[in-house]
Amino acid sequence: MRLPNRQSSIVNRQLKRCYWLHKVVDFRWLATLVLVSRLLAQIPETPKPQPAAPILRTGEGFAWASADGTSKGFGADTKETPLGSLAALLWLRLEGDEWAARGVSFKCKGELNGVHCANPKGHGKVDLAMATTEGCHLAFLVWSLESAERWKKDYGEGVSRYRLDQVFKPFLGDRWKPGETLPALGPEWIGQGDLLRTTPLALAKWLADPDQDQLLSLCKRLMSGAFDGWITKGAEWWFIAGAPPTATKPCDPSGASAWVVGSNGERSVALNLPAPRRKAESLARMKEILLLPKK
Ligand SMILES: [Zn+2]
């Protein structure tokens with residue numbers, strides 16, 4: 001039906017009015033949104049609560065780091081010391097999932113081809129979790145030698161060397177010369193002597209790097225099934241204590257640690273003790289510093 005001209009123009013005007021009214025309403029909404037976003041932008045972001053500064057004893061070095069790149073060190077946090085049996089972390093990073101899947105085990109008698117373990121009497125039969133918690137150097141040496149042989153067959157020397165470089169480099173500094181071949185893996189590669197070194201701050205940052213996510217979940221898995229006390233119930237923390245190097249003489253058979261590392265998924269922590277202590281004491285000290293319950 002065709003409308004008379006006059007009616008048609010009235011309808012047109014009303015339509016136009018509706019259209020502009022609609023636009024104005026749109027603009028109001030838009031203006032409101034802009035205003036709200038500007039106001040929100042002016043509100044300063046609430047800073048994340050920082051953990052309280054720990055009270056350290058003389059010579060202790062402690063650091064924490066988060067995956068977002070924030071970190072903080074205290075005491076002797078930049079003092080470089082040998083990694084000791086925590087070199088196990090580097091091997092777990094490289095081969096841990098493979099070894100866990102294969103269900104590796106080793107019978108430690110305390111000595112193998114002149115290489116001494118942290119416990120001179122031997123750890124007995126150990127699996128991956130026990131070798132990690134007990135700091136069984138020999139188990140890691142044997143498993144790493146087996147892995148190195150397999151890499152050479154599967155990838156060749158150059159790629160094998162690259163794999164090793166990728167994980168170990170931050171702990172080798174300039175003690176590691178460029179090359180294309182895999183080195184002969186001896187006791188220094190499982191934490192004896194001082195080839196592998198780090199500081200509490202560097203170690204905490206390394207652990208918190210998202211590259212280490214898989215390692216952290218493996219550690220948590222190993223610790224939750226391995227040793228009562230090294231995982232704090234409720235607080236979701238796990239810890240690993242590292243025995244000091246045994247280059248010159250075997251350690252106290254009861255087990256001693258110079259390092260404790262751990263994570264709760266949000267923060268990674270590293271504690272270096274000026275003198276090795278029994279592992280249980282080191283763990284207690286770490287919990288004290290983190291204000292965690294003793295049990
Ligand atoms: Zn052992």
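In helix 8, which spans residues 279-289, the buried residues are K279, S282, L283, M286, K287 and I289. Viewed down the axis of helix 8, these buried residues fall within an arc of 160°, so they line one face of the helix. The residue L291 follows helix 8 and has a positive phi, near 55°. The model described here is predicted.

Two helix pairs are considered next. Packed helices are described by the angle between their axes and the distance between the axes.

| Helix pair | Angle between axes | Axis distance |
|---|---|---|
| Helix 2 (residues 87-102) and helix 4 (residues 137-155) | roughly 60° | within 11 Å |
| Helix 4 and helix 5 (residues 157-172) | about 130° | 7 Å |

The axes of helix 2 and helix 4 cross at roughly 60°, which makes helix 2 oblique to helix 4. This crossing of helix 2 and helix 4 is left-handed. On the helix 2 side, A88, W91, E95 and W99 take part, meeting F140, W143, S144 and S147 of helix 4. By class, the contact of helix 2 with helix 4 comprises five nonpolar, two polar and one charged residues.

Helix 4 also packs against helix 5, at an angle of about 130°, and that makes helix 4 oblique to helix 5. The crossing of helix 4 and helix 5 is right-handed. Helix 4 contributes A148, W151, K152 and Y155 to the contact, while helix 5 contributes E157, V159, S160 and R163. The residues of the contact of helix 4 with helix 5 comprise four nonpolar, one polar and three charged.

Key
Residues are numbered from 1 along each chain as its sequence is written. This is a predicted model: local features need pLDDT of at least 70, side-chain atom pairs count only at pLDDT 80 or more; totals for chains, interfaces and linings use all residues. A residue is buried if 20 or more other C-beta atoms lie within 10 Å of its own, exposed if 12 or fewer, and partly exposed in between; C-beta atoms are placed from the backbone. Helices (H or I, at least four residues) and strands (E, at least two) are DSSP runs, numbered from the N terminus. The arc is that of the directions from the helix axis to the C-beta atoms. Axes are lines fitted to C-alpha atoms, for helices over the stretch in contact, and angles run from 0 to 180 degrees between N-to-C directions. Angles under 35 degrees count as roughly parallel, over 145 as roughly antiparallel, 65 to 115 as roughly perpendicular and the rest as oblique. A crossing is left-handed if the near helix is turned anticlockwise from the far one by less than a right angle, and right-handed if clockwise. Two residues are in contact if their C-beta atoms, placed from the backbone, lie within 7 Å. Ala, Val, Leu, Ile, Met, Phe, Trp, Tyr, Cys and Pro count as nonpolar, Asp, Glu, Lys and Arg as charged, and the others, Gly among them, as polar.
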